[in-house]
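Dear colleague,

Please find below the structure that I am handing over to you. My notes on what was found in it follow directly after.

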Amino acid sequence: MELLQERGISKTRICKDLDLQRGNFNRYCRDEFQRLDANLLVRLCDYFDCDIVDLLEIREKD
C-alpha cells in the first residue's frame, strides 16, 4: 500500500492502531479480498486523513 510507504507506517503499526487482523489487512494490500468493508474504508480514510479515491483504484478485470 503506497500510503503506508509514503507516510512511513508499518503494517504492524496500522493493524495495532486500528485493531485489524494482519492477515485480513494483507489481503487488502494484495488485492485478494472478496468484498469491501465500508467501515474499514472509513477508518482508513480517517487514519490517513485522505479521501476514498486515495485508497481505491478501479481496474478492468484481466
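**Helix α3**

In α3, the residues Phe-25, Asn-26 and Tyr-28 are buried. Around the helix axis these residues cover an arc of only 155°, which puts them on the same side of α3. Please note that the model is a predicted one. The buried residues of α3 pack against α1, α2 and α4. Following α3 comes Asp-31, with a positive phi near 60°.

**Helix α4**

Helix α4 spans residues 38-48, and its buried residues are Leu-40, Leu-41, Leu-44, Cys-45 and Phe-48. Viewed down the axis of α4, the buried residues fall within an arc of 140°, so they line one face of the helix. In general, an α-helix has 3.6 residues a turn, so residues three or four places apart point the same way. The partners against which the buried residues of α4 pack are α1 (2-7), α2 (11-18) and α3 (22-29). Exposed residues Ala-38 and Asp-46 are carried on the face of α4 that is turned away from its buried side.

Both ends of this helix deserve a remark. At the start of α4, the backbone nitrogen of Asn-39 has a side-chain oxygen of Asp-37 within 3.0 Å. Just after α4, Asp-49 adopts a positive phi of about 50°.

**Surface patch**

Phe-33, Leu-36, Ile-52, Val-53 and Leu-56 make a nonpolar surface patch of about 420 Å². Of these residues, Leu-56 lies in the segment after α4.

With kind regards

Methods. Residues numbered from 1 in each chain as written. Predicted model: local features only at pLDDT ≥ 70, side-chain atom pairs only at ≥ 80, totals over all residues. Heavy atoms only, no water. Buried < 20%, exposed > 50% of the residue type's maximum accessible area, 1.4 Å probe, protein only. Helix = DSSP H or I, 4+ residues; strand = E, 2+ residues; numbered from the N terminus. Arc of directions from axis to C-beta. Contact = heavy atoms within 4.5 Å. Polar contact = N/O pair within 3.5 Å; in protein donor to acceptor, adjacent residues only side chain to side chain. Patch = residues over 30% accessible without salt bridge, like charges linked within 9 Å, V, L, I, M, F, W, Y side chains within 5 Å. Areas by Shrake-Rupley, 256 points an atom, 1.4 Å probe, with all protein chains shown as cover. Salt bridge = Lys/Arg side-chain N within 4 Å of Asp/Glu carboxyl O.
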